[in-house]
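The following exercises ask the reader to work through a protein structure step by step.

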Amino acid sequence: MIKVDFNRPVTVGNEFEYMQQAIANAQISGDGAFTKKCHAFLENELGVKKALLTTSCTHALEMSAILLDFNPGDEVIIPDFTFVSTVNAFVLRGAKPIFVDVRPDTLNLDESKLEAALTPRTKAIVPVHYAGVGCEMDSIMEIAKRHNVAVVEDNAHGLFGKYKGKYLGTFGALATQSFHETKNFSCGEGGALLVNDPVLAERAEIIREKGTNRARFFRGQVDKYTWVDIGSSYLPSDMLAAYLYAQFEQREKIQNHRKNIWEMYNAALKDWAEKNGAQLPHIPEYDEQAYHMFYMLMPDLETRQKFIMYLRERDIYSVFHYLPLHLSDMGRGFGYKAGDCPVTEKVSDQLVRLPFHNALTSADQEQVIDAIMEFKF
Ligand SMILES: *Cc1c(COP(=O)(O)O)cnc(C)c1O
């Protein structure tokens, strides 16, 4: 029996060579040659106005909250079922989180509950394309426009996914990417801010560079650079950009491999899931998913925990995630209580993610699938 990791960060191309080049270039701070290559790659492939590498998706979300002028008392609409950073970035600016429940089929922000969550204080809606499957962007964008509210897509899972033929991350005024080691494309820790609203582009550069107009200085647009706004240091080392660019170059290989993994799980587990009351991912026919993960919803919490332990005994590592944000210490501190987001409360108990990474082999997958077939409910 081989050990099957849940995640394993691996090199897929020229990572070592490019990191050596970055070192040889003798410019390993931010915005060197490889950072520029990454920016150009994202801008050209996705067709976004501006892409800026950041030290994490969390930091790109923090930049978004600053860019949208979040102030204490402003409200931000967040799906209840997401990673802490989606909400924390806005709470850092003093915002009040308004948690909206998710759809039971895609686990994405339930757009039918949006209208009721909006108030005159709402400043942004932050949809998360869960598992790289696009949210109902037609409805979300229409509602946001009608209420004059910004949209920030947390696209940590969704790079190269599409909704109705259009890339995820190109709908909102802003979108954020993650290159954490658990994501499809990685440099260990990293992220990007995608700027679709041109009005925000120049200020995004300033916020990323400690509140200075350093980028304009380098372009020769001002003759000295100075402190012009609030900001922080959100740019990653060019060594990390070198690693990331090597991964970007293998876009087709990585995405094809992940598609095969996803489809193998889906085909092998379809009948089993139906027979045993487990639910496999639902992909609306107009969504092209980004193949970020393969999850299942088990019948209940007890079965889910038993299942994870059962696989662990066979050296197979599966994980669950996202405790309902509204029931966390912080969420309760904002006045939320049990029952406020019932779908999230339910799926949070049921969800399990199967091993899924860029080095997973079909032998690994066969072992996982064989073990699952022998699981006693
Ligand atoms: C991974 C993730 C983040 C945070 O990404 P980092 O790059 O680790 O900061 C944010 N939101 C979602 C939905 C994520 O999955």
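## Exercise 1: A residue in a helix

In this predicted model, Arg208 has a relative accessibility of 2% and therefore counts as buried.

Task. Determine where Arg208 lies and which residues it touches, not counting residues up to four places away in sequence.

Solution. 
1. Arg208 belongs to helix α7.
2. Buried means under 20% relative accessible area; at 2%, Arg208 falls in that class.
3. Beyond four places in sequence, Arg208 touches Asp31, Thr35, His39, Leu52, Leu53, Met63, Ser232, Ser233, Tyr234, Leu235 and Pro236.

## Exercise 2: The helix as a whole

Solution. 
4. Just after α7, Lys210 adopts a positive phi of about 60°.

## Exercise 3: A residue in a strand

Task. Decide whether Ala192 is buried or exposed, and identify its contacts outside its neighbours within four places in sequence.

Solution. 
1. Ala192 is part of strand β9, which covers residues 191-195.
2. Its relative accessibility is 0%, so Ala192 counts as buried.
3. With neighbours within four places set aside, Ala192 is in contact with Leu42, Leu52, Leu53, Thr54, Ala60, Ala175, Thr176, Gln177 and Phe179.
4. For Ala192 and Asn260, the separation is 68 residues in sequence and 26 Å in space, from C-alpha to C-alpha.

## Exercise 4: The ligand and its surroundings

Task. Describe the residues around the ligand by class, and find which of them come nearest.

Solution. 
1. There are 15 residues around the ligand, and Thr58, Asp154, His157, Ser178 and Lys183 come nearest.
2. The shell consists of 5 nonpolar, 8 polar and 2 charged residues.
3. A side-chain N or O atom of Ser178 is 2.7 Å from an oxygen atom of the ligand.
4. For Cys57, a backbone N or O atom lies 2.9 Å from a ligand oxygen atom.
5. A polar backbone atom of Gly190 is 3.5 Å from an oxygen atom of the ligand.
6. The ligand taken alone exposes 390 Å², of which the protein buries 93%.

Methods: Residues numbered from 1 in each chain as written. Predicted model: local features only at pLDDT ≥ 70, side-chain atom pairs only at ≥ 80, totals over all residues. Heavy atoms only, no water. Near = heavy atom within 4 Å. Polar contact = N/O pair within 3.5 Å; in protein donor to acceptor, adjacent residues only side chain to side chain. Areas by Shrake-Rupley, 256 points an atom, 1.4 Å probe, with all protein chains shown as cover. Nonpolar A, V, L, I, M, F, W, Y, C, P; charged D, E, K, R; others polar. Helix = DSSP H or I, 4+ residues; strand = E, 2+ residues; numbered from the N terminus. Buried < 20%, exposed > 50% of the residue type's maximum accessible area, 1.4 Å probe, protein only. Contact = heavy atoms within 4.5 Å.
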